[in-house]
Amino acid sequence: MRYGLIAGNGRFPLLALESAQKLGHDVTVIAIQEEAPREVEAMAPRCHWISLGQLGKLIEILKQEGISEVVMCGQVKHARIFSSIRPDWRLAKLLASLPWKNTDGLIGGVIQVLEDEGIHLRDSTSLLKPLLASEGVMTERKPAKDEARDVDYGRRVANALAGFDVGQSVAICERACVAVEAMEGTDAMLRRAASLVNGRRMALVKVARRREHLLFDVPVVGLDTIPVMRETGTTVLAVEAGRTLMLDRDRLLEAANEAGIAIVGQGENVA
């Protein structure tokens with residue numbers, strides 16, 4: 001298969017590119033300068049670097065390469081979108097037309113512009129299905145009863161908030177929502193929450209957006225999550241089974257076991 005891979009931050013684009021190469025796919029990488037790891041250039045047969053806001057250049061590259069299908073791998077930090085973006089005329093025109101400028105609004109608008117140009121977005125997890133969270137307890141330790149109650153409560157809160165596009169995670173302590181993830185990201189949210197609970201243990205609950213597809217903004221957890229959880233006294237991580245990528249899954253679960261952290265994949269959403 002031949003397609004373009006738009007690379008954001010983290011290991012997601014590297015793992016996706018590695019998988020594509022093993023499958024013999026012909027992939028052109030369009031890497032976001034402010035986000036993508038430099039390693040993508042060495043791994044990709046063709047790599048173009050663009051800056052945030054260069055929607056016109058993205059379309060130009062895809063058309064020059066004869067690409068009609070793309071995947072988005074890796075996140076772009078919400079705060080960076082608002083603080084660092086310098087839109088070209090194509091993106092400026094799009095931004096002016098949006099009723100709201102949250103993640104769904106902005107990326108959804110970009111997808112529509114690409115569709116109008118004959119360029120289609122594919123499921124961003126299509127190359128990494130084995131790394132999606134499975135249902136049930138994935139670690140040696142399962143959540144204790146009080147932790148399970150926090151997770152249940154956290155899922156209700158997180159699912160209610162997911163439709164408002166204000167973040168994908170909440171920090172719960174003793175069935176109280178201590179912090180909601182916004183533009184600062186999960187790590188900063190946990191540290192903020194830890195400053196409020198006076199050393200009491202917390203649960204981290206992460207959900208996916210309330211949409212049928214996984215085209216973009218897929219929840220991701222990786223090795224870097226575990227040290228921050230240890231630092232902040234967060235003893236359980238709950239994610240959505242089949243809708244959350246667990247990068248370096250084996251090493252992630254090993255690190256969680258060493259730290260005594262329980263990780264569980266939840267099935268159907270709680271209303």
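1. Basis. The model is predicted, so local features need pLDDT of at least 70 and side-chain atom pairs count only at pLDDT 80 or more, while totals for chains, interfaces and linings use all residues. Residues are numbered from 1 along each chain as its sequence is written, and side-chain values use heavy atoms, with hydrogens and water left out. Helices (H or I, at least four residues) and strands (E, at least two) are DSSP runs, numbered from the N terminus.

2. The sheet. Five strands form an open sheet in the order β3-β2-β1-β4-β5, with parallel pairing. Two strands pair if DSSP finds at least two bridges between them. The edges are taken by β3 (46-50) and β5, each with a single partner strand, so one side of each has no neighbour in the sheet.

3. Strand β4 and its partners. Strand β1 (residues 2-7) pairs with β4 in the parallel sense over four bridges. Here L5 stands opposite V71, and I6 has M72 as its bridge partner. Towards strand β5 (residues 120-121), β4 runs parallel and is joined by two bridges; V70 stands opposite L121 there. In strand β4 (residues 69-73), four of the five residues are buried, so the strand is largely enclosed by the rest of the structure. Buried means under 20% relative accessible area, exposed over 50%, and partly exposed in between (1.4 Å probe, protein chains only).

4. Helices across the sheet. Helix α1 (residues 12-22) lies across β1, β2 (26-32) and β4, and runs at about 165° to β1. Helix α3 lies across β1, β2, β3 and β4, at about 165° to β3. Axes are lines fitted to C-alpha atoms, for helices over the stretch in contact, and angles run from 0 to 180 degrees between N-to-C directions.

5. Helix against helix. Helix α3 (residues 55-64) packs on helix α5 (residues 89-97) at an angle of about 120°, and the axes are 5 Å apart. That angle makes α3 oblique to α5. Angles under 35 degrees count as roughly parallel, over 145 as roughly antiparallel, 65 to 115 as roughly perpendicular and the rest as oblique. L55, G56 and I59 of α3 make the contact with R90, L91 and L94 of α5. Contact means heavy atoms within 4.5 Å. By class, this contact has four nonpolar, one polar and one charged residues. Ala, Val, Leu, Ile, Met, Phe, Trp, Tyr, Cys and Pro count as nonpolar, Asp, Glu, Lys and Arg as charged, and the others, Gly among them, as polar.

6. The buried face of α8. In helix α8 (residues 186-194), the buried residues are T186, M189, L190 and A193. Seen down the axis of α8, they fall within an arc of 100° and so line one face of the helix. The arc is that of the directions from the helix axis to the C-beta atoms. An α-helix has 3.6 residues a turn, so residues three or four places apart point the same way. The buried residues of α8 pack against β7, β8, β9 (202-206), α9 (225-232) and β11 (234-240).

7. Two residues to check. R175 is not a glycine, yet has a positive phi of about 60°. R175 lies in the loop between β7 (169-173) and β8 (176-180) and is partly exposed, with a relative accessible area of 43%. D248, also not a glycine, has a positive phi of about 50°. D248 is in the loop between β12 (245-246) and α10 (249-259) and is buried, with a relative accessible area of 16%.
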